[in-house]
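User: I am new to this structure and would like to go through it step by step. Could you take my questions in turn?

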Amino acid sequence: ISPLLSRSLLLRLESLTDDDVRAVVAQALADERGLGGRFTLDDDALDHLVRLAGGDARRSLTYLEAATGAATSKGSTTVDLATAETAVDQAAVRYDRQGDQHYDVTSAFIKSVRGSDADAALHYLARMMEAGEDPRFIARRLMILASEDIGLADPTAITTAVAAAQVVQMIGMPEASLTLAHATIALAVAPKSNAVTTAIGAAVADVKAGKIGPVPSHLRDAHYGGAKKLGHGKGYQYSHDAPYGIAEQQYAPDVVKDAAYYQPTALGAEAAVKERWERVRRLIRGR
């Protein structure tokens, strides 16, 4: 909330380093307020706990407590790798769905797909899924990306994203994780174009700037009584009667009649769209 932030001191808490976490675990093993030297921890078991802690000292202590409890149940004072793995059977992913990690991981996921790095995208997808992120949220982000970053460079991208969202809705997790991975890879390896994004952005900018103008009279509705007397529809050329199904006539208001919002790239399937659109635009405008 911007007004609140402007009146506050914002402190960002960073993750501890692996060495920091090792120091915390070592102190917990030795200190009388902790385990008081009653247990020893093998090096590979320590590495395992540190890795799973992900820079969170509290999590490392939770895992250590579970591991020593497992050793005690076996009548041992030594925590080896097998005992640690048994006690901590699943990595608690460092991810807060209500905090910065939610936004950071989501941002990295989208930017990895946009950047065509399928491997990185799958990594962030796995982090979101393991953290319990709503799969519908992930599917929605993929649908947005399909138009924002791919568009007509691969017209099937939006179809893939929508299909994935439907599958998520119909079957849920964990099976839908395969579908989300399917869609993530497909969109990551697809050719990219933001021409759709820039086109609608430019059109909206003109409208907001007041460039609206009246609809040309030959395009106005001529079906109601008295419309023809006002000149509505007069001179309109039916496209299907024109050569190639394209009639030379003005469609946009005068104020934006020369606007060229859509600028397709030569990437992927949009290369063919570019070639056709340039020919069509010339025919429509008589150039």
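User: Into which domains is the protein chain divided?

Analyst: The model is a predicted one, and the division given here follows an automatic or database domain assignment. Along the protein chain, the assignment gives domain 1 (12-96), domain 2 (100-189) and domain 3 (195-285).

User: How many Å apart do the C-alpha centres of domain 1 and domain 2 lie?

Analyst: Domain 1 covers residues 12-96 and domain 2 covers residues 100-189. When the C-alpha centres of these two domains are compared, the separation between them is 34 Å.

User: Is helix 7 roughly parallel or roughly antiparallel to helix 10?

Analyst: Helix 7 spans residues 118-130 and helix 10 spans residues 176-189, and their axes come within 9 Å and cross at roughly 150°. An angle over 145 degrees counts as roughly antiparallel, so helix 7 is, relative to helix 10, roughly antiparallel.

User: How many nonpolar, polar and charged residues does the contact of helix 7 with helix 10 have?

Analyst: Helix 7 passes helix 10 in a right-handed crossing. From helix 7, the residues that meet the other helix are Ala 118, Ala 121, Leu 122, Leu 125 and Met 129, while helix 10 brings Ser 177, Leu 180, Ala 181, Thr 184, Ile 185, Ala 188 and Val 189. Sorted by class, the contact of helix 7 with helix 10 has ten nonpolar, two polar and no charged residues.

User: What is the orientation of helix 2 and helix 4 to each other?

Analyst: Helix 2 (residues 18-30) packs with helix 4 (residues 57-73) at an angle of about 45°, and their axes are 9 Å apart. Angles under 35 degrees count as roughly parallel and those from 65 to 115 as roughly perpendicular, and helix 2 and helix 4 are therefore oblique.

User: Which residues of helix 2 and helix 4 make the contact?

Analyst: The crossing of helix 2 and helix 4 is right-handed. On the side of helix 2 the contact is made by Val 21, Val 24, Val 25, Ala 28 and Leu 29, and on the side of helix 4 by Ala 57, Ser 60, Leu 61 and Leu 64.

User: What covers the buried residues of helix 3?

Analyst: Helix 3 (residues 43-53) has as its buried residues Ala 45, Leu 46, His 48, Leu 49, Val 50, Leu 52 and Ala 53. What covers these buried residues includes helix 2, strand 1 (40-41), helix 4, strand 2 (78-79) and helix 5 (81-87).

User: Which residues does a cis peptide bond join?

Analyst: Pro 174 is found in the loop between helix 9 (156-171) and helix 10. The bond in question has an omega of about 5°, and the residues joined by this cis peptide bond are Met 173 and Pro 174.

User: Is Ser 116 buried or partly exposed?

Analyst: Ser 116 is found in the loop between helix 6 (100-114) and helix 7, and although it is not a glycine, Ser 116 has a positive phi of about 70°. Buried would mean under 20% relative accessible area, and because Ser 116 stands at 37% relative accessibility, it counts as partly exposed.

User: Is Tyr 244 buried or exposed?

Analyst: Tyr 244 lies in the loop between helix 11 (195-208) and helix 12 (270-285), and its phi is near 65°, a positive value in a residue other than glycine. Exposed means over 50% relative accessible area, so at 74% relative accessibility Tyr 244 counts as exposed.

Terms used
Residues are numbered from 1 along each chain as its sequence is written. This is a predicted model: local features need pLDDT of at least 70, side-chain atom pairs count only at pLDDT 80 or more; totals for chains, interfaces and linings use all residues. Side-chain values use heavy atoms; hydrogens and water are left out. Axes are lines fitted to C-alpha atoms, for helices over the stretch in contact, and angles run from 0 to 180 degrees between N-to-C directions. Helices (H or I, at least four residues) and strands (E, at least two) are DSSP runs, numbered from the N terminus. A crossing is left-handed if the near helix is turned anticlockwise from the far one by less than a right angle, and right-handed if clockwise. Contact means heavy atoms within 4.5 Å. Ala, Val, Leu, Ile, Met, Phe, Trp, Tyr, Cys and Pro count as nonpolar, Asp, Glu, Lys and Arg as charged, and the others, Gly among them, as polar. Buried means under 20% relative accessible area, exposed over 50%, partly exposed in between (1.4 Å probe, protein chains only).
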